[in-house]
Amino acid sequence: MSSFFAPRSLVSPTGILTRAEAAEVARRALAGSPAEETRISITSTARADTRFAVNQVTTSGENSDTSVTITAYAGGRAASVNTNRLDEKSLADAARQATEIAKLVPPNPERMPELGAQQYPPAKSRVISLPTPTERAAAARKVTEQARAAGLISTGFIECRVGATALANSKGLFAYDSSSAVTMTATVRTSDGTGSGWACSDGDTFDQIDAQRVGETAVEKARTSRNPVAIEPGRYVTILEPTAVGNLVQLIAGAMQARAADEGRSFFSRPGGGNKIGLKVVDERVTLLTDPADSPSTNGGYDGDGMPLEKVVWIENGVVKNLNYDRFWAQKQGVSPTHAGGGGGGFGGGGGGGRTLRMLGGTTSIGEMVKSTERGILVTRFWYIRSVDPRTILNTGLTRDGTFLIENGKISRPVKNFRFNESPIFFLNNLELLSPATRINASEALGAGGSTIMPAIKVKEFTFSSLSDAV
Amino acid sequence: MDQPVTHSRRDFLKTSAAVAATTAMGAHRLSPREAEAARPSARDDPAVRELMQVALDVAKTAGASYADVRVAARRQQNINTRDKIVQGVSDTDTFGLGVRTLVDGAWGFAATSMLTKEAIAQVTKSAIGQALANRASQLRPVVLAPTPGNQVGEWRSPISTDPFAIPIVDKVALLLAANEAAGRIKQVRQVTSSMFFLREEKTLMTSDGSYIVQTIYRTQPSMSVTAVSDDRTDFQTRQSNDIAPMGLGYEHVLSARLAENAPRWAQDAVEKLSAKPVEPGRYDLVLHPSNLWLTIHETVAHPTELDRAMGYEANYAGTSFVAPPEKVLGQLKFGSAVMNIQGDREQPGSLGAIGWDDEAVRPARFDIIKNGIFVDYQTTREQAPMLDWYYKKTGKPVRSYGCSYAQSWSDIQFQRMPNVSLLPGKNDYTWDDVISQTDKGVAIIGDGSFSIDQQRYNGQFAGQCFYEIRGGKIVGMLKDLAYQFKTPEFWGSMEVIGGPRSYHLGGAFGDAKGQPGQSNAISHGCVPARFKQVNIINTGRRA
């Protein structure tokens, strides 16, 4: 009965496919495909995690899985079948099924032919390993024991993921990439429920995680955020810590699709027609880019069609330099496609961790920003951010886990959380100071692999629209 | 493929040839044409049952006081179209096993897609190893509420047509016809439509003697129409989310009548371009069930999850304003006297419907809010004993309500919301009746942007279509509108609700909670309702 499953020799000790193993799975799937053209996309992941709550470990988990998506093409027709049964027969069945379905689908006039073999940069050496349950529990204890000693309540999560992706097709293309990512977060609350502090440590490997510092920061923020006062919502000078900057600036990346802009369905549409490439949209100190050099993966990633990722500067000195063109839209508009790739979001699909968004920083520390502020708000992070109006990238959301009033150059007291209705485009036009950029995790679910590189910033004006009693 | 052949590749070939010769379940494979209608599954297969027993035996030998093992085979199909183009047809099939073990009151969980005796023994040992590591920091051991045990049975979603048996060509034709119908409306610039189908066959075996086989279906047809103004200064989108995802089969796609509804959705998108921007202020607010279900989800269903109230979700989803339990159970005034909320996993066709939950508990229908007063939380076996003091006081049994759920074989089960629904009023009011009783106000159809804080006090919700009400009539469309509120004030202001005739099930697939995050699928039943003097904001800006 084991024919449904990968022979054990296919799987490396962490449970993810090596380059040679991925090549073998791709070979099996291609060999079994009767389609005119076939694409094989492989995703292999292993995960180890530990949760803690109310100062003790609550649950943990370890799992691994490898799945293969076979896309069969018949002229402009295409269909995909994904399976995690890796034996030769199952893969051949999946390929035949994809081919059969593809024949029934109307041709897609926008389909681009598969690419041939590509050149990829040499692989970087990375440690791909997962910590043991005992190591994870020990990291959790570094937070829970600090919280317990301070009479506070800690809750948190450590997630470690290793993964490999591969893309192959019947024209000889083969791309492989592997990566490792770890995130630890903790929320520490006061026992009277009036204070809450949060901290995160994000890295490629478990040894880069500083559990002690996560505990110290979250404990300190919890302690100092106790009994917040309500202040009037409105427009404030605001210092956003790097996580808060990442929470909102990454929304710009999500809106940078060239086609939507060209068709009038985006902030990046130019009134009257065309798009905003070449127009200044934010302060001249704002530069946003994605660079394979920032990627946590061994090979720098590849895009959805298997092209190696390139460094792309999206906004340079406040001016829109690039929008994301897929191969079809690029051909139609007579420009080069953008090989920015990287797992969805605004930059299309693909493999590896190529989508790490970087905003260039400045030289002012958060401490100096506070000192320079007569009256303002300091924000640790934002929560439940949702699009309100895509025409202006206007989003709503709330502050959380450490919101403070600054008076006369000092953090004077904690304040109640605010809801905002703001656009990163607006506050990046009100920029005052930037800190050096650091690697943070600004994803909503705070899972491993959600890294961005962001500075803290001070803005002249940020609009808070109402108060929340939430702590 | 010009990759170098490694020495191990030859080994794979040998191994796979060998196992192919001895295949057992592999023999069920069908010809490609038939494969669309049926594939081999994990449903009550004796070979799979034997493997599950291996996990329980290994767990017991290693000293687990309780263990459960789940095998699931999940098939999904997505069909996505845009205008005249089929953008993607994809089928996903995943199969694997997860083991949860309780050792000295500490949990461990591990999962694998390799269903061999050796691999299963290995993951069970991994789960045990985690439980032992986690035990070291244990302050309060896990205690499970009693269950009858020995639950043996089978349950299946009440579908009439298996969506996987319908030919792809028919599905594609239906979507393209709907796109064409919407695309005929002037100023419509983009139409997308899709179908999503899921079938999960899962088998659960527990160390206290339960063995349960279930087949769950979920179906969602949907459309989105975007209109762009001629001068390209505005664009507006209408999503078809008044058609909810359901725990039904292909019959739900047919009853959604996409092609017939598409011109209406397209006209809504076009009308939004010239709609009047709302004047901010306080208005009586009439919410259609297609909007209210999401507000119930965020403001009632989430804060009444016991794990949130106890602080277990503080690091991600958040805690709850409905806390601490000893100060709110039977005491907190959550809303007006017409507010009655129940949890259930039985409404036919609902996304939360199930025979047993993921720890073999037969779910119960239970009151969460009665006549405006908060009376109970959603619970699992681990959570119910935390409230034993309350159940003793009120004469209720200490039992799980059946809210344990894991999104797949690779994830650990934990407390997830059941269907959480607003019961109809005693009158027989419809949507039109509630509008006609409103002199001046705003009405909203469909769900839109939604955001709420981590304790569920401050919410901001938009919608698909906004209307101005004057003298009991809808007099025109509004735009750039969202309503903002404090939860208990909002529910306290609910003054008129619809009757049984106006009851509608909304719902969603993507309810996120837990770390690692898991998606839950639930429905929320409700009726049209009017809320007094709610804060309405204008969200339009100039870039």
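Biologist: Among contacts in chain A between residues at least 6 apart in sequence, what share joins residues at least 24 apart?

Modeller: The share is 73%. A contact is two residues whose C-beta atoms, placed from the backbone, lie within 7 Å. This is a predicted model, in which local features need pLDDT of at least 70, side-chain atom pairs count only at pLDDT 80 or more, and totals for chains, interfaces and linings use all residues. Residues are numbered from 1 along each chain as its sequence is written, with chains lettered from A and ligands numbered from 1 in the order in which they are written.

Biologist: Why is H5(A) called mostly covered?

Modeller: A residue is buried if 20 or more other C-beta atoms, placed from the backbone, lie within 10 Å of its own, exposed if 12 or fewer, and partly exposed in between. In H5(A), 12 of 13 residues are buried, including A:Pro242 and A:Ala253. Across chain A, buried residues make up 63% of the 471.

Biologist: How do you know that the span of helix H5 of chain B is close to the expected one?

Modeller: The expected span is 1.5 Å times one less than the number of residues. H5(B), residues 168–183, has 16 residues and reaches 22 Å from first C-alpha to last, close to the 22 Å expected. Its buried residues pack against helix H2 (88–104) of chain A, among other elements.

Technical notes: Helices (H or I, at least four residues) and strands (E, at least two) are DSSP runs, numbered from the N terminus.
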